[in-house]
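Keep the sequence and the model open side by side as you read.

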Amino acid sequence: MKYTLSTLFLFLFPLLTQAHSYWLELKGSGKVGEPLIVQCYFGELENGLREKGPILNGIKAFTASVLLPDGTTEPLSLSAAENCYQAQFKPKQAGTYQVLLVNDTRAVQDWTKHNLGIVRPREYLRAICQVGGGRLSAKPAYYLDVTPQGQPAVGKSLTLLITKDGAAYANAPLKLTTPDGKQTKVAADANGLLTLNPTGAGQYVVDVDFMDKTPGQYQGKDYQAIRNKMALTLTVQR
């Protein structure tokens, strides 16, 4: 039997999406008045794979915004690029800028072939950038979240707080991807805290999943669980 490329893609897509993930990257000088570019990727960060083409269309379902140092929020409009979706904003004041993307409107999925059952997926993305100095201030905003409790820097320990439904997520299983692309499994402590010791400058991504096995109904379809997935991107300076 012969298969066209599009047919093979349809067969592989469910498996592909389970192995792949979304993450954010920030590009810019980190100075007041100079633009910051937000990029949302889909692929395998640890393998350097950034997908292209129609497979990126899922990013359109994300709602994007930037939380400013003064506590106000501005919407971001994502547009397609070669291998990502991106947006741009120009910081006007010093302080902590948090780029927030969320997709909690995806339809119920049948992932029984992947031993996950009938699932409602929810995806959360956060990228934090410090502009022009000042104290980093980040508070949980999602059902499942990871927030730094200080300013990341090479050679300086950094504590991350992992929360679930507004409370500390004790012993949360996490994945850490370092700037060299290496990925390791780590875990929070009994208070939902994880200490990082960055040894080099660059981008660090922390992923956490939680399967809420409370059944329910969404958009007229029953589900067995809600799969929550969150990725935090931190840029560590020297």
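Start where Glu 44 stands opposite Leu 49 in β3. That pairing belongs to β2 and strand β3 (residues 49-50), which run antiparallel and are joined by two bridges. In this hairpin four residues sit between the strands, and Gly 48 takes a positive phi near 70 degrees. A word on the labels: helices (H or I, at least four residues) and strands (E, at least two) are DSSP runs numbered from the N terminus, and two strands pair if DSSP finds at least two bridges between them.

Before going further, some ground rules. This is a predicted model, where local features need pLDDT of at least 70 and side-chain atom pairs count only at pLDDT 80 or more, while totals for chains, interfaces and linings use all residues. Residues are numbered from 1 along each chain as its sequence is written, and side-chain values use heavy atoms, with hydrogens and water left out.

Now look at what else β2 touches up with. Strand β1 (residues 21-27) runs antiparallel to β2, with seven bridges joining them; Trp 23, for instance, has Tyr 41 as its bridge partner in β2. β2 also pairs with strand β7 (residues 85-89), again in the antiparallel sense, over five bridges, and here Gln 39 stands opposite Gln 86. Strand β2 itself (residues 36-44) is mostly covered, with eight of its nine residues buried. Buried means under 20% relative accessible area, exposed means over 50%, and partly exposed is in between (1.4 Å probe, protein chains only).

That leads to the inside. A nonpolar core here is a set of buried Ala, Val, Leu, Ile, Met, Phe, Trp, Tyr and Cys residues joined through side-chain atoms within 4.5 Å. The largest one has 32 residues, and those touching the most other members are Leu 24, Ile 59, Leu 76, Phe 89, Val 99, Leu 101 and Leu 125. Two or more residues each come from β1, β2, β4 (63-67), β7, β8 (95-103) and β10, and β2 gives the largest share, five residues. Apart from this core lies another, of 26 residues, among them Leu 144 and Leu 196.

What about the cysteines? Taking a disulfide as a pair of cysteine sulfur atoms within 2.5 Å, the count comes to zero. Cys 40 is buried, because its relative accessible area is 0%. The closest cysteine sulfur to that of Cys 40 is in Cys 84, 8.1 Å away, so they are too far apart for a bond. Cys 129 is in no disulfide either, since the nearest cysteine sulfur, that of Cys 40, is 17 Å away. Cys 129 counts as buried, at 12% relative accessibility.

Cys 129 also turns up in the second largest pocket, where Gly 30, Cys 129, Gln 130, Thr 235 and Gln 237 are the closest to the centre among 17 lining residues. β10 gives the most to that lining, with four residues.

Finish at Gly 132, in the loop between β10 (117-131) and β11 (144-148). Gly 132 counts as exposed because its relative accessibility is 52%. Leaving aside neighbours within four places in sequence, Gly 132 is in contact (heavy atoms within 4.5 Å) with Gly 30 and Ala 94.

Definitions and conventions. On a 1 Å grid over the protein atoms alone, a cavity is a set of points where a 1.4 Å probe fits but cannot get out, and a pocket is an open set with protein on both sides within 12 Å along at least five of seven lines; lining residues have an atom within 4 Å of a point.
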